[in-house]
Amino acid sequence: DGGFEIVKNTQSQWDKDEDAIPLKNGRPNIDIITAEAMTLAHQLATGQKTKHDLLDDNFNKYSLRDVDGLPDWFLDDEGKNSKPHRPITKEAAAAIKEKMRAFNARPIKKVREAKARKQLHAAQKLEKLKRKSALLAESEDVSEKDKASNIAKIMARAGKAKKRKPVQVVVAGKGKHRGAGRPGGVKGKYKMVDARLKKDVRAEKRLKKKMGKK
């Protein structure tokens, strides 16, 4: 009556599912992680299968089952085991294997974060050196020779890595107070070892050396 015409929605369920797929650069952003999916993607790309073929494949004995009133444990078991087994190709299996190998070769998150922090600290240190060098170069009270010498010293100190002090080994004494507190005259990091342990280690080394000669 108001001049409006009711038009039936002709959009299929397939088109609705396509609209729900996220896009990247105008193409579906889908990560293929199984050999079955890789095989199917290859068949679609080469024209061996079409959308209608996929729709037909979905109508099978597993798709229209009556599950009303069935217990949850049964439905869980059915969902894991009662499903169609789709064929896979040798090439698809090899592609997924190579993809997983590359994925597992990536450094873990903590390692990536540690490397990023190290790079950030190096960049900050370099920027600090640049500022110091610029201040020395702009100074009018210092000769050019002294400027060059001071800048060279700054760069030399920056290039030197801090040496880790060796850990001192202290043999634990006898008595009830053994291992209590820092031993006298020992500075920095130290490690307490037992005399019995040292003897056992020496005996093990002698035994290995003796067995190696035979």
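The accessible surface of the protein chain comes to about 19700 Å², and carbon and sulfur atoms hold 56% of that area. The model is a predicted one. Of the 214 residues in the chain, 7% count as buried. Among contacts between residues at least 6 apart in sequence, 37% join residues at least 24 apart.

**Secondary structure**

The protein chain contains 8 helices and 4 strands. Their order along the sequence is α-β-β-α-α-α-α-α-α-β-β-α.

**Positive patch**

A patch of positive charge lies on the surface, where Lys128, Arg131, Lys132, Lys153 and Arg157 gather. Two elements give two or more residues to this patch: helix H6, spanning 109-138, and helix H7, spanning 144-159. The greatest share comes from H6, with 3 residues.

Lys132 is one of the patch residues and has its place in helix H6. Lys132 counts as partly exposed because its relative accessibility is 41%, a value between the 20% limit for buried residues and the 50% limit for exposed ones.

Helix H7 also holds Met155. With a relative accessibility of 42%, Met155 counts as partly exposed. Met155 and Leu126 are 29 residues apart in sequence, and their C-alpha atoms are 9.5 Å apart in space.

**Salt bridges**

The count of salt bridges comes to 2.

| Arg101 | Glu98 | 2.5 Å |

The salt bridge between Arg101 and Glu98 is set within helix H5, residues 90-105, where the two partners are 3 residues apart, about one turn of the helix. Arg101 has 44% relative accessibility and so counts as partly exposed. Glu98, at 45% relative accessibility, also counts as partly exposed.

Lys208 counts as exposed because its relative accessibility is 58%, which is over the 50% limit. Glu204, by contrast, counts as partly exposed, with a relative accessibility of 46%.

**A buried glutamine**

Gln43 lies in helix H2, which covers residues 35-45. At 18% relative accessibility, Gln43 counts as buried, since the limit for that class is under 20%. Leaving aside residues up to four places away in sequence, Gln43 touches Gln48 and Lys49.

**Summary**

In this predicted model, helices H6 and H7 each give two or more residues to the positive patch. Gln43 in helix H2 is a buried residue in a chain of which 7% of residues count as buried.

How values were computed:
Residues are numbered from 1 along each chain as its sequence is written. This is a predicted model: local features need pLDDT of at least 70, side-chain atom pairs count only at pLDDT 80 or more; totals for chains, interfaces and linings use all residues. Side-chain values use heavy atoms; hydrogens and water are left out. Patches are made of residues with over 30% relative accessible area and no salt bridge: like charges are joined within 9 Å, nonpolar side chains (Val, Leu, Ile, Met, Phe, Trp, Tyr) within 5 Å. Accessible areas come from the Shrake-Rupley method with a 1.4 Å probe; for residues, only the protein chains shown count as cover. A salt bridge is a side-chain nitrogen of Lys or Arg within 4 Å of a carboxyl oxygen of Asp or Glu. Lys and Arg count as positive and Asp and Glu as negative; His and the chain ends are not counted. The place of a charge is taken as NZ of Lys, CZ of Arg, CG of Asp or CD of Glu. Buried means under 20% relative accessible area, exposed over 50%, partly exposed in between (1.4 Å probe, protein chains only). Contact means heavy atoms within 4.5 Å.
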